[in-house]
Amino acid sequence: MCTADIGCNGVIGGGMVDVTPVLKPNSTNSNTINEDDYHDDHQAFLAMDDETDTNRYAAIMSAIAATEQQELERCNERNRCIATADESALDHKFDRLLSEVHGLRDQIGDRIETLNRRLTQTNRLFLAHQDYGQRSNRAGDLLLIGVPTTVQGEGLRECYVRIARRIGYAECEIPIVHIRRLDVGSSSSDVKPSRYSIAVLDNLARTRVGKLRAGTIDPAVQPPAVHVQFVFRNARNEFYRRYQEGGRAGTGLALQDLGYGGSDGRVYVSENLTRGNVSLKAEAMRLKRDGKIKSVFTVNGQIYVKRTVDHRPELVTSSVDLLLLDETKMKANK
């Protein structure tokens, strides 16, 4: 069976007819180039010279360019986002590190301040214990200040006995003591200062301490004190209490009343203070002479002051305590 387009090998009209199929060219395969066909590059490009193929190629290239542009923009946007995130993270880490450094600095500062306070407290406790130890060593001592230098040896004991009688002791009640005069060249560490400054005594003007040349003694210069060491501490406390209750703690005992005719001086009984408390009492006495406090006295080697008659006694342990008592200096420091 044959069609109009395709002939068949057969006998038509008694003759041989070629029936080899022949394909009609169409638009879909007219430009098709087979790999086994002979062609060259020039012929391949000539095959695309058609206007339709050119437009199609341009559209493909435009689509590829647009796709590449979109991909490039997407990559750029992603890179910008990553860079911004990295920069923000770095700033955050730096701020956190800076905060930690500031916190550590504050902690170190607080620690140093705490250590300074503890060191100050420890130093105060050490000085307090040191002062307590020194006061304990002198707890059984009293000093007789103002005894003339002409009184020596057994005369010192006699002077002590006269003072005991003067403050109310009977002959059989006088406490047993060891007595000696403190000397400038004494090697004992328990007898400093050897010359008790008159500045610590009540109702007396300040004066210098020392010897005049040529071996003479200025009447205004206080002679070396007489150290009296009691056998029992209670006996010492009772002796000092009687002296104070007799109203002579500030005025002393006149030498004439003690039987030393021709002498106008006075003898004072004082506690054997430590060197630091001697200085504190001298400062307190200056405040009293300036009228800023009412009285100054010692109890068991410690300094007490009274602002007025009605005020209770206040313990003085340092110059700061005296500064607080001086209202003029406090106002000047404000």
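Four residues, Leu-144, Tyr-160, Ile-163 and Phe-239, touch the most other members of the largest nonpolar core, which holds 33 residues. Such a core is a set of buried Ala, Val, Leu, Ile, Met, Phe, Trp, Tyr and Cys residues joined through side-chain atoms within 4.5 Å. Buried means under 20% relative accessible area, exposed means over 50%, and partly exposed lies in between (1.4 Å probe, protein chains only). This is a predicted model, where local features need pLDDT of at least 70, side-chain atom pairs count only at pLDDT 80 or more, and totals for chains, interfaces and linings use all residues. Residues are numbered from 1 along each chain as its sequence is written, and side-chain values use heavy atoms, leaving out hydrogens and water.

- Not counting residues up to four places away in sequence, Phe-239 touches Leu-142, Tyr-160, Ile-163, Ala-164, Ile-167, Tyr-169, Phe-230 and Val-269; contact here means heavy atoms within 4.5 Å.
- There is also a second, separate core of 13 residues, with Leu-273, Val-278, Ala-284 and Leu-322 among them.

- Five strands form an open sheet in the order 4-5-3-7-6, with antiparallel pairing; two strands pair if DSSP finds at least two bridges between them.
- At the edges sit strand 4 (177-181) and strand 6 (253-254), each of which pairs on one side only.
- Helix 3 (residues 154-166) packs on this sheet, touching strand 3 (141-145), strand 4, strand 5 (226-230), strand 6 and strand 7.
- Strand 3 is largely enclosed by the rest of the structure, because five of its five residues are buried.
- From strand 3, Asp-141, Leu-143 and Ile-145 point one way, while Leu-142 and Leu-144 point the other way.
- In a regular strand the side chains alternate between the two faces of the sheet.
- Four bridges link strand 3 to strand 5, with Asp-141 partnered by Gln-229.
- Four bridges also link strand 3 to strand 7, where Ile-145 has Tyr-268 as its partner.

- Strand 8 (residues 295-299) and strand 9 are antiparallel and pair over five bridges, with Phe-297 opposite Tyr-304.
- The hairpin of these strands has two residues between them, and Asn-300 there takes a positive phi near 55°.
- Strand 9 (residues 302-306) has a covered face of Ile-303 and Val-305, and an uncovered one of Gln-302, Tyr-304 and Lys-306.
- Three bridges join strand 9 to the antiparallel strand 10 (residues 314-316), where Glu-314 stands opposite Val-305.

**Salt bridges**

- The count comes to 13 salt bridges, each being a side-chain nitrogen of Lys or Arg within 4 Å of a carboxyl oxygen of Asp or Glu.
- Glu-113 and Arg-117 form one of them, with their closest N and O atoms 3.4 Å apart; both residues lie in helix 2 (residues 51-137), about one turn from each other.
- Asp-257 pairs with Arg-166, the closest N and O atoms being 3.7 Å apart.
- Asp-257 lies in the loop between strand 6 and strand 7 and Arg-166 in helix 3, so this pair ties together parts that are 91 residues apart in sequence.

Conventions: Axes fitted to C-alpha atoms, helices over the stretch in contact; angles between N-to-C directions.
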